[in-house]
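Trainee: Could we go through this entry together? I would like to begin with the ligand and move on from there.

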Amino acid sequence: MHNWVRPVQEAQWYLTAELTNSFFIGEVDGKRMSSISFVNHGKSIGFASSYYVDKAFRGMGYGKEMIQSVYSDDIVSKYSLYGYSIPSLQEFYNKTLRLKPCWSSRRFKLQIPTLTEKLSAETAPANGHEILPVSQANLEQLMVYSANMVGSSQTSRRLLMAMVSHTLRSSWIAIDGNNEINGFLIMHKTTSFPEGGYLIRPFFADNAPIAQSLLKTAVEYAAQDCDSFISLDVPLLNNECVSLMDELRGESVDDRVFMGSRGVPQRALDKMYGLANLDSI
Ligand SMILES: CC(C)(COP(=O)(O)OP(=O)(O)OC[C@H]1O[C@@H](n2cnc3c(N)ncnc32)[C@H](O)[C@@H]1OP(=O)(O)O)[C@@H](O)C(=O)NCCC(=O)NCCS
């Protein structure tokens, strides 16, 4: 839909997570030309995304009309709203939804041959950690671990479970000697696979060595059927992750600004090596 590559199973997650009634489509003369979503996280928290108008209809007021019809004054005043913005739309979101910038993320593109070469030196997982397929994870423990990064709302939990259930072969966890989870990565094919490569989302790790071990496992898997690239969205406040992107010769694609109407949510950005689904707060 946008210029960004999207996960091929995205619609299925929303079906599995029973969130399809959070999505709205705009039509002109029976032709679908726009979309927007309002995903609820409880009764007073909402997430705005999938904001799109077909090129032929842009600049004619349809986008604004769509925002105003889904986000009534009542919703804007009662809800804590969140969303990701392209840098140029921040002012518009501030005017319409009262959103203010919280932090920025950058999409990086990592070439699979370069990753294979750079990560091959790493022979064993960091500090006795083990990387396991997500099918071997204790799912409740996985939800508790992920809550530091994406909150613990039923919506975030359902979305994560839906993503895991559709990507069992390309999702991994890192565990320590006590079987505690300290890293988690999900990798998806994109809608333009294989040219569009794989997308990693989400990617959580307690530190950079654990992140590298998870990434190495993902790259070995990806290299079996794809030689293009892997992309992921990195919170720029996570310095370790930004340095890792540099080391791995990540190419910057573009930026997003995470915005909120009632302050910055408490999240462990230092453990976020790749953002979760954009509808998780
Ligand atoms: C963003 C988008 C949905 C707006 O739809 P639209 O129908 O063109 O918007 P409207 O004509 O109703 O204009 C709404 C407002 O947004 C502003 N605007 C629209 N596109 C903009 C852009 N790329 N940069 C800055 N401002 C923009 C308009 O100036 C207008 O502001 P105003 O009310 O202060 O005059 C549409 O341009 C689009 O689909 N873009 C590609 C996908 C995208 O970037 N989505 C947003 C992701 S955060």
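Trainee: How do the residues of the shell around the ligand divide into nonpolar, polar and charged?
Mentor: The model is a predicted one. In the shell around the ligand, eight residues are nonpolar, six are polar and two are charged.

Trainee: How many residues surround the ligand, and which are the closest?
Mentor: The ligand is surrounded by 16 residues, and the closest are Val 53, Arg 58, Gly 63, Lys 64 and Ser 88.

Trainee: Which strand and which helix each supply at least two residues of that shell?
Mentor: They are strand E3, residues 45–53, and helix H2, residues 62–70.

Trainee: Staying with E3, what is the phi of Ser 50?
Mentor: Ser 50, which is placed in strand E3, has a positive phi of about 55° although it is not a glycine. Most residues other than glycine have a negative phi.

Trainee: Is Ser 50 buried or exposed?
Mentor: Ser 50 is buried, because 22 other C-beta atoms lie within 10 Å, and 20 or more are required for that label.

Trainee: And Glu 18, what is its phi, and where is its place?
Mentor: Glu 18 is not a glycine either, and its phi is positive, at about 55°. Its place is in the loop between helix H1 (10–16) and strand E1 (23–28). Glu 18 counts as exposed, because it has 11 C-beta neighbours inside 10 Å.

Trainee: Where are Pro 194 and Pro 202 found?
Mentor: Pro 194 is in the loop between strand E8 (181–189) and E9, whereas Pro 202 lies in strand E9.

Trainee: In which sense does E9 pair with E10?
Mentor: Strand E9 (residues 198–205) and E10 pair in the parallel sense, over two bridges. Leu 199 has Ser 231 of E10 as its bridge partner.

Trainee: What about E5 and E10, in which sense do they pair?
Mentor: Strand E5 (residues 100–111) pairs with E10 in the antiparallel sense, over seven bridges. Gln 111 stands opposite Phe 229 in E10.

Trainee: How many residues of E10 are buried, and which way do they point?
Mentor: Strand E10, residues 229–235, is mostly covered, with seven of its seven residues buried. Phe 229, Ser 231, Asp 233 and Pro 235 point one way, and Ile 230, Leu 232 and Val 234 point the other way. In a regular strand the side chains alternate between the two faces of the sheet.

Trainee: How far apart are Lys 78 and Ile 230?
Mentor: Lys 78 and Ile 230 are 39 Å apart in space, C-alpha to C-alpha, and 152 residues apart in sequence. Lys 78 lies in helix H3, residues 73–78. Lys 78 is exposed, because 12 other C-beta atoms lie within 10 Å.

Trainee: Last topic: at what angle do H6 and H7 pack?
Mentor: Helix H6 (residues 139–150) and helix H7 (residues 154–166) pack at an angle of about 120°, and their axes are 11 Å apart. The crossing of H6 past H7 is right-handed.

Trainee: Which residues make the contact?
Mentor: H6 contributes Met 143, Ser 146 and Val 150, and H7 contributes Ser 156, Arg 157 and Leu 160. The residues of this contact divide into three nonpolar, two polar and one charged.

Conventions: Residues are numbered from 1 along each chain as its sequence is written. This is a predicted model: local features need pLDDT of at least 70, side-chain atom pairs count only at pLDDT 80 or more; totals for chains, interfaces and linings use all residues. A residue is near a molecule or strand if its C-beta atom, placed from the backbone, lies within 6 Å of it. Helices (H or I, at least four residues) and strands (E, at least two) are DSSP runs, numbered from the N terminus. Ala, Val, Leu, Ile, Met, Phe, Trp, Tyr, Cys and Pro count as nonpolar, Asp, Glu, Lys and Arg as charged, and the others, Gly among them, as polar. Axes are lines fitted to C-alpha atoms, for helices over the stretch in contact, and angles run from 0 to 180 degrees between N-to-C directions. A crossing is left-handed if the near helix is turned anticlockwise from the far one by less than a right angle, and right-handed if clockwise. Two residues are in contact if their C-beta atoms, placed from the backbone, lie within 7 Å. Two strands pair if DSSP finds at least two bridges between them.
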